[in-house]
Amino acid sequence: MALQDRPLRFYELRVFIDGISEKMLAQTLRTLVRDGLLSREVLPTVPPSVRYDLTPLGKAAAEPLEAMLAWVRRNALTVLAAQEEHDRRTAAGA
């Protein structure tokens, strides 16, 4: 979702996606490039930097993903309440 508006460099993505480790971000970006959802461009800077952008396939995936994330935001408290209720019932039956 961070790449919907424009391409971003690795560290820009790391700042945008708060709380992710460099290792996990690098692994995820490699997977998304391999899957054809992102393009990766090494920029001729010193030191070299890498810029990522959505491919047409990635842009097509962004719309339904955005809808799913909106659903999660709307229903997160309900899901958490269901988890707590489940945990209470499970603990009571143990």
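Visitor: What kinds of residues make up the lining of the largest pocket: nonpolar, polar or charged?
Guide: The model is a predicted one, to be clear. In that model, the lining divides into 16 nonpolar residues, 3 polar ones and no charged ones.

Visitor: Which residues lie nearest the centre of that pocket?
Guide: Met1, Leu32, Leu38, Leu54 and Leu65. They belong to a lining of 19 residues.

Visitor: And what's its volume?
Guide: The largest pocket has a volume of about 370 Å³.

Visitor: Which helices supply its lining?
Guide: α1 (10-16), α2 (22-34) and α3 (56-93). Each of them gives at least two residues to the lining.

Visitor: New topic, the sheet. What order do the strands come in?
Guide: The order is β1-β3-β2. It is an open sheet of 3 strands, and the pairing is antiparallel.

Visitor: Which strands stand at the edges, and why does that matter for their neighbours?
Guide: β1 (8-9) and β2 (38-43) are the edge strands. Each has a single partner strand, so one side of each has no neighbour in the sheet.

Visitor: What holds strands together in general?
Guide: Strands of a sheet pair through backbone hydrogen bonds. The pairing can be parallel or antiparallel.

Visitor: How many bridges join β2 to β3 here?
Guide: There are 6. β3 covers residues 49-54, and the two strands run antiparallel.

Visitor: Which residues stand opposite each other there?
Guide: Let's go along β2. Arg40 faces Tyr52 in β3. Glu41 stands opposite Arg51. Val42 stands opposite Val50.

Visitor: And how many bridges join β1 to β3?
Guide: That pair has 2 bridges, and the strands run antiparallel. On this side, Arg9 stands opposite Arg51 in β3.

Visitor: Back to β2 and β3. How many residues lie between them?
Guide: 5 residues lie between them, and the two strands form a hairpin. Pro47 is in the loop between β2 and β3.

Visitor: What about the peptide bond from Val46 to Pro47, cis or trans?
Guide: The bond is cis, with omega near -10°.

Visitor: Let's check Ser49. Is it buried or exposed?
Guide: Buried. Ser49 lies in strand β3.

Visitor: What does Ser49 touch?
Guide: Leaving out residues up to four places away in sequence, Ser49 touches Arg9, Glu41, Val42 and Leu43.

Visitor: And Thr55, where is that found?
Guide: Thr55 is in the loop between β3 and α3. Thr55 counts as buried, because its relative accessibility is 15%.

Visitor: Which residues does Thr55 touch?
Guide: Gly36, Leu37, Leu38 and Ser39, again not counting residues up to four places away in sequence. Leu38 is also one of the residues that lie nearest the centre of the largest pocket.

Visitor: Last one, Arg74. Buried or exposed?
Guide: Exposed, at 59% relative accessibility. Arg74 lies in helix α3.

Visitor: How far apart are Arg74 and Leu57?
Guide: In sequence, they are 17 residues apart. In space, they are 27 Å apart, C-alpha to C-alpha.

Note on methods: Residues numbered from 1 in each chain as written. Predicted model: local features only at pLDDT ≥ 70, side-chain atom pairs only at ≥ 80, totals over all residues. Heavy atoms only, no water. 1 Å grid on protein atoms, 1.4 Å probe; cavity = no way out; pocket = protein on both sides within 12 Å on 5 of 7 lines; lining within 4 Å. Points joined across faces, edges and corners; volume = space filled by probe spheres on them. Helix = DSSP H or I, 4+ residues; strand = E, 2+ residues; numbered from the N terminus. Nonpolar A, V, L, I, M, F, W, Y, C, P; charged D, E, K, R; others polar. Pairing = 2+ DSSP bridges. Buried < 20%, exposed > 50% of the residue type's maximum accessible area, 1.4 Å probe, protein only. Contact = heavy atoms within 4.5 Å.
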